[in-house]
Amino acid sequence: ILFQIFDAFKSRLHDSNSKVNQVALETMHKMIPLLKDNLSPVINMLIPAMVDNNLNSKNPGIYAAATNVIQALCQHLDNYLLLQPFCTKAQFLNGKAKHDMTEKLA
């Protein structure tokens, strides 16, 4: 059931409507401390949805919300769950998103 929920939620994380996108990121930020390592089955699906467009967003609200989500992941999930998806994102992103992900990896 976790896959079904987050598969539907994933598309809101990169919605073309910036308000929907920002609320989805803010909601994700609130869910991470509650779900913690229970997110492990869906983390490889969620990180690209949270990072790809949002960390390079020119919208300061979306960028801040995405940064908060990444910070919450680092605080509440075991690092071994984040290492591979963060490495993959850092390798293929550009701009400030690449810098942000590389900084988190360091």
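Q: Before we start, what kind of model is this?
A: It's a predicted model.

Q: Let's begin with a loop residue. Where is Asp15?
A: Asp15 sits in the loop between helix H1 (2-10) and helix H2 (18-35).

Q: Why is Asp15 called buried?
A: The relative accessible area of Asp15 is 18%. Buried means under 20%, so Asp15 gets that label.

Q: What makes the pairing of Asp15 with Arg12 a polar contact?
A: Their side chains come to 2.8 Å, and the cut-off for a pair of N or O atoms is within 3.5 Å. The side chain of Asp15 also reaches the backbone nitrogen of Asn17, at 2.8 Å.

Q: Which residues does Asp15 touch once its neighbours within four places in sequence are left aside?
A: Those are Val20 and Asn21.

Q: On to another loop. Why does Ser57 count as buried?
A: Ser57 lies in the loop between H3 and H4. Its relative accessibility is 12%, and under 20% means buried, so Ser57 qualifies.

Q: What does the side chain of Ser57 have close to a polar atom, and at what distance?
A: The backbone nitrogen of Asn59 lies 3.0 Å from a polar atom of the Ser57 side chain. Setting aside neighbours within four places in sequence, Ser57 is also in contact with Ile62, Tyr63 and Lys96.

Q: How do you know whether Asn53 is buried or exposed?
A: Asn53 is in the loop between helix H3 (43-51) and H4. Its relative accessibility is 52%, and exposed means over 50%, so Asn53 counts as exposed.

Q: Now for the helices. Why are H4 and H5 called oblique to each other?
A: Helix H4 (residues 60-76) and helix H5 (residues 79-92) pack at an angle of about 140°, with their axes 8 Å apart. Roughly antiparallel needs over 145 degrees, and roughly perpendicular runs from 65 to 115, so H4 and H5 are oblique. Their crossing is left-handed.

Q: Which residues make the contact of H4 with H5?
A: H4 brings Ile70, Leu73 and Cys74, while H5 brings Asn79, Leu82 and Phe86. By class, that contact has five nonpolar residues, one polar and no charged.

Q: How do H5 and H6 pack?
A: H5 and helix H6 (residues 95-105) meet at an angle of about 145°, and their axes are 8 Å apart. The crossing of H5 and H6 is left-handed.

Q: Which residues are in the contact of H5 with H6?
A: From H5 come Leu83, Phe86, Cys87, Lys89, Ala90 and Gln91, and from H6 come Lys98, Met101, Thr102, Lys104 and Leu105. The classes are six nonpolar, two polar and three charged.

Definitions and conventions
Residues are numbered from 1 along each chain as its sequence is written. This is a predicted model: local features need pLDDT of at least 70, side-chain atom pairs count only at pLDDT 80 or more; totals for chains, interfaces and linings use all residues. Side-chain values use heavy atoms; hydrogens and water are left out. Helices (H or I, at least four residues) and strands (E, at least two) are DSSP runs, numbered from the N terminus. Buried means under 20% relative accessible area, exposed over 50%, partly exposed in between (1.4 Å probe, protein chains only). A polar contact is a pair of N or O atoms within 3.5 Å; within protein, one must be able to donate a hydrogen and the other to accept it, and residues adjacent in sequence count only if both atoms are side-chain atoms. Contact means heavy atoms within 4.5 Å. Axes are lines fitted to C-alpha atoms, for helices over the stretch in contact, and angles run from 0 to 180 degrees between N-to-C directions. Angles under 35 degrees count as roughly parallel, over 145 as roughly antiparallel, 65 to 115 as roughly perpendicular and the rest as oblique. A crossing is left-handed if the near helix is turned anticlockwise from the far one by less than a right angle, and right-handed if clockwise. Ala, Val, Leu, Ile, Met, Phe, Trp, Tyr, Cys and Pro count as nonpolar, Asp, Glu, Lys and Arg as charged, and the others, Gly among them, as polar.
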